[in-house]
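Open the model in your viewer and keep the selection tool at hand. The tour goes stop by stop.

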Amino acid sequence: MADPKGFLTTTREEPKRRPVDLRLMDWREVYEDFATTKLQKQAGRCMDCGIPFCHQGCPLGNLIPEWNTLTWREDWQQAIERLHATNNFPEFTGTLCPAPCETACVLGINDDPVTIKRVEISIIDRAFDEGWVTPQPPTALTGKKVAVVGSGPSGLAAAQQLTRAGHSVVVLERADKIGGLLRYGIPEFKMEKSRLDRRLDQMRAEGTEFRASVNVGVDMPVAELLGYDAVVLAGGATDWRDLPIPGRELAGIHQAMEFLPPANRVASGELDVSPFDAKGLDVVVIGGGDTGADCVGTSHRQGARSVTQLEIMPKPPETRSDAHPWPTYPMIYRVSSAHEEGGERLYAVNTQEFLGDSDGRVRALKLVEVRNEGGKFVPVPGTERELPAQLVLLAMGFLGPQKEGLLSDLGVELDARGNVARDKAFKTSLDNVFVAGDMGRGQSLIVWAIAEGRSAAAGVDAYLTGRDVLPRPIAPTDRPIA
Ligand SMILES: Cc1cc2nc3c(=O)[nH]c(=O)nc-3n(C[C@H](O)[C@H](O)[C@H](O)COP(=O)(O)OP(=O)(O)OC[C@H]3O[C@@H](n4cnc5c(N)ncnc54)[C@H](O)[C@@H]3O)c2cc1C
Ligand code: SF4
């Protein structure tokens with residue numbers, strides 16, 4: 001145990017976010033540095049529970065009390081060793097994870113939970129700064145060739161595990177740069193891409209080959225793919241939900257994943273101006289989730305005149321309700337960094353129609369308040385109104401993986417929800433084809449994608465070699481604590 005009285009004497013403290021007016025002028029991450037002495041005290045709040053529920057909350061089974069204690073003792077090198085033991089990419093989860101470990105932390109029953117995520121990012125940042133994150137190439141090669149389709153967190157985790165296990169791994173990505181949603185979906189202000197690039201450097205040095213601009217099923221026939229000894233499908237859940245209401249065809253209405261990638265290219269210097277720039281416009285984001293929040297933060301940085309985010313559900317409570325007891329991940333009112341930067345959030349509203357101008361561009365939304373009646377959202381009579389908007393962004397989630405092309409050409413079986421079906425070893429209906437991440441699970445989180453990649457790699461390695469040595473943090477059917 002770190003500090004036996006830490007949880008009694010120290011209150012939870014997080015690093016400050018940079019001032020809003022300053023951070024809106026750039027794309028950099030929003031948090032200021034956190035003094036090591038403060039971080040140690042935060043790690044010292046960990047009670048080293050006999051039954052650490054934080055482990056249960058984390059799909060990776062991160063060894064949280066161990067690295068809290070090591071951080072408290074300033075044994076950073078041991079801390080990163082224990083952190084890497086279960087997580088290939090703590091810099092992704094340390095910046096981006098909604099931290100189900102923290103909502104499961106035992107201290108959270110009657111106090112604020114341990115700042116686990118802050119400890120995690122500090123350990124990996126220190127390790128990179130000190131040069132402790134070095135390539136770990138395999139000591140012997142198996143002679144087996146593996147193709148991973150898709151370079152998001154699940155594909156990268158599977159590729160790193162399999163490369164280190166001695167297989168020759170190539171990652172195929174249809175975008176022109178590697179990284180999946182980490183590269184072109186998630187904005188720079190949530191995770192700077194330099195974090196991704198330095199991890200890719202490590203993977204290249206270990207022997208993983210990356211081929212960008214290869215759309216498998218289009219640029220590469222699936223027959224060629226099946227020539228590999230094993231294949232991991234890690235193509236994500238890219239089939240977005242649309243809003244087919246009157247006026248949807250008007251110009252100025254885009255999907256979040258049409259809007260965010262060019263914005264990220266501007267932030268990285270690949271593009272001068274986004275074709276969907278929000279400068280001077282009234283922006284309405286439909287969808288109250290995290291993708292919507294990314295659109296809010298991006299619109300503000302582009303200089304939008306106003307930003308409004310719409311959510312059909314009622315405003316959630318400020319604290320846990322009885323419906324979401326500890327240790328579940330509760331539905332509560334959260335203020336992300338993007339929300340802190342401005343804009344308005346409207347709850348319990350539905351969009352009935354998009355209204356256009358004489359040039360065929362969207363000029364407003366017709367909104368109505370709704371109430372939940374027997375599980376259905378019913379309009380409240382007399383509450384219809386117009387909300388001005390020259391740019392509308394749809395952020396209403398994803399329906400599953402894209403079916404045409406890769407999946408239809410392969411002919412893999414799908415499950416009842418339209419995701420790629422797999423057995424307990426993450427193997428699809430085809431003999432040498434496995435699936436990991438959102439493509440098999442449906443839209444999820446980075447921490448789940450990394451866990452999926454690790455478990456699928458274990459399945460592939462066992463299939464190729466007959467041994468059973470790689471970790472399997474999750475089964476395909478595992479779900480968050482509910
Ligand atoms: C805007 C946005 C923000 C998000 N923010 C967060 C967050 O803050 N925290 C969090 O935990 N989760 C977040 N998520 C969810 C998280 O990003 C995903 O759950 C995660 O990236 C899934 O990883 P994956 O490897 O399964 O797929 P992806 O990251 O989607 O990667 C799949 C890759 O496969 C490629 N691909 C698909 N088909 C082919 C093909 N035929 N040939 C070649 N390549 C192909 C795609 O181009 C893509 O690059 C966010 C999601 C979105 C959309
Ligand atoms: S549940 Fe919280 S207090 Fe207990 S071991 Fe995990 S981080 Fe520490």
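Two strands count as paired here if DSSP finds at least two bridges between them. By that rule β6 and β14 (residues 391–394) are partners, because 3 bridges join them. The two strands run parallel. Keep in mind that this is a predicted model.

**Whole chain**

Zoom out. The protein has 19 helices and 16 strands. Its C-alpha atoms fill a box of roughly 70 × 65 × 50 Å along the principal axes. A compact globule of 482 residues would have a radius of gyration near 23 Å, and the protein agrees, with 23 Å.

Now colour by domain. Domain 1 covers 6–130. Domain 2 comes in two pieces, 145–238 and 400–465. Domain 3 spans 242–396.

**Domain 1 against domain 3**

Select domain 1 and domain 3. Their centres, taken over C-alpha atoms, are 31 Å apart. The contact takes 13 residues from domain 1 and 10 residues from domain 3. On the domain 1 side, pick α4 (53–57) and α8 (100–104); each gives two or more residues. By class, that side has 8 nonpolar, 4 polar and 1 charged residues.

**The sheet with β6**

Select the five strands in the order β6-β14-β7-β8-β9. They form an open sheet with parallel pairing. β6 (253–255) and β9 (344–346) stand at the edges with a single partner strand each, so one side of each has no neighbour in the sheet. From one strand to the next, the twist averages 20°.

Show His254: Leu393 in β14 stands opposite.

α14 (residues 256–267) lies across β6 and β14, at about 80° to β6. α15 (residues 290–302) lies across β7 (282–286), β8 (306–310) and β14. Against β8, α15 runs at about 175°.

**The sheet with β16**

Zoom in on β4 (residues 230–233) and β16. They run parallel and are joined by 3 bridges. Val231 has Val433 in β16 as its bridge partner.

**Ligand 1**

Centre on ligand 1. How many residues surround it? There are 41, and the closest are Gly150, Gly152, Gly180, Gly236 and Gly437. Elements that give two or more residues to this shell are α10 (153–164), α14, α15, α18 (438–441) and α19 (446–465). Domain 2 and domain 3 each supply at least three residues to the shell. By class, the shell divides into 20 nonpolar, 15 polar and 6 charged residues.

**Ligand 2**

Last stop: ligand 2. Here 15 residues form the surroundings, with Cys46, Cys49, Pro52, Cys54 and Cys105 the closest. α4 and α5 (64–72) give two or more residues each. The largest share, 3 residues, comes from α5. The shell around ligand 2 divides into 13 nonpolar, 1 polar and 1 charged residues. Keep α4 selected: this helix also contributes to the side of domain 1 that touches domain 3.

Key. Residues are numbered from 1 along each chain as its sequence is written. Chains are lettered from A and ligands numbered from 1 in the order in which they are written. This is a predicted model: local features need pLDDT of at least 70, side-chain atom pairs count only at pLDDT 80 or more; totals for chains, interfaces and linings use all residues. Domain bounds come from an automatic or database domain assignment. Two residues are in contact if their C-beta atoms, placed from the backbone, lie within 7 Å. Helices (H or I, at least four residues) and strands (E, at least two) are DSSP runs, numbered from the N terminus. Ala, Val, Leu, Ile, Met, Phe, Trp, Tyr, Cys and Pro count as nonpolar, Asp, Glu, Lys and Arg as charged, and the others, Gly among them, as polar. Axes are lines fitted to C-alpha atoms, for helices over the stretch in contact, and angles run from 0 to 180 degrees between N-to-C directions. A residue is near a molecule or strand if its C-beta atom, placed from the backbone, lies within 6 Å of it. The radius of gyration is taken over C-alpha atoms; the globule rule is 2.2 Å times the number of residues to the power 0.38.
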